[in-house]
Amino acid sequence: MTCYLDFDGTVVTFAYPEIGKPLDGVVEVINKLQNNGWLVVLNTYRANMNDDTLRNALAYLSFLPLRHPITTYTKRKVEPPSWDAYHAGILGSMYIDDIAKGIPLKDGAVDWKRLNEDLIKNGIYGKE
């Protein structure tokens, strides 16, 4: 099972090319996904750039208290499908991205509290 995770507007507030502020709940949800067997892969437009922004995002992620560090990333940003936690559980593939149609947002960024509730409701993991 693979979770493709965007960075700007998803893990942190949008501040490209800088690193924004961390969003509330992101570490908890990533840890729950990892605890339930999901491989988390960074899927960001920063991979498309020929500068240090991808390296900076990976370095930032390495400082988060995650169960497993996120070191894998897509070579080019893959456009996310519409958000659908139910089918993500069936297919074993999900995209958590602020541009995914239907993903819960708060102030223009992923709302990790509502996303967590959606993942629990659709059986991706329990309340833990």
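At 16% relative accessibility, N31 counts as buried, where buried means under 20% relative accessible area, exposed over 50% and partly exposed in between, with a 1.4 Å probe and protein chains only. The model is a predicted one, in which local features need pLDDT of at least 70 and side-chain atom pairs count only at pLDDT 80 or more, while totals for chains, interfaces and linings use all residues. Residues are numbered from 1 along each chain as its sequence is written, and side-chain values use heavy atoms, with hydrogens and water left out.

**Buried residues**

- N31 lies in helix α1, helices (H or I, at least four residues) and strands (E, at least two) being DSSP runs numbered from the N terminus.
- Not counting residues up to four places away in sequence, N31 touches P65, L66 and R67, contact being taken as heavy atoms within 4.5 Å.
- T10 is placed in the loop between β1 (2–5) and α1 (26–35), and T10 is buried with a relative accessible area of 0%.
- When neighbours within four places in sequence are left aside, the contacts of T10 are L5, L23, V26, I96, D97, D98, V110 and W112.

**A partly exposed proline**

- P17, which also belongs to the loop between β1 and α1, is partly exposed at a relative accessible area of 43%.
- Leaving aside neighbours within four places in sequence, P17 is in contact with R46 and T53; the C-alpha atoms of P17 and R46 are separated by 8.6 Å, the two residues being 29 residues apart along the chain.

**Surface patch**

- Y86, I90 and L91 form a nonpolar patch on the surface, and together they have about 360 Å² of accessible area, as given by the Shrake-Rupley method with a 1.4 Å probe.
- Patches are made of residues with over 30% relative accessible area and no salt bridge, with nonpolar side chains (Val, Leu, Ile, Met, Phe, Trp, Tyr) joined within 5 Å and like charges within 9 Å; a salt bridge is a side-chain nitrogen of Lys or Arg within 4 Å of a carboxyl oxygen of Asp or Glu.
- I90 is found in helix α3 (residues 85–91), and I90 is exposed, with a relative accessible area of 54%.

**Largest pocket**

- The largest pocket holds about 230 Å³ of space, a pocket being an open set of points on a 1 Å grid over the protein atoms alone, where a 1.4 Å probe fits, with protein on both sides within 12 Å along at least five of seven lines.
- Of the 13 residues that line the largest pocket, L23, D24, K106, V110 and D111 are the closest to its centre, lining residues having an atom within 4 Å of a point.
- The elements that give two or more residues to this lining are β5 (109–110) and α4 (112–121).

Note on methods
Grid points are joined across faces, edges and corners, and a volume is the space filled by probe spheres set on the points.
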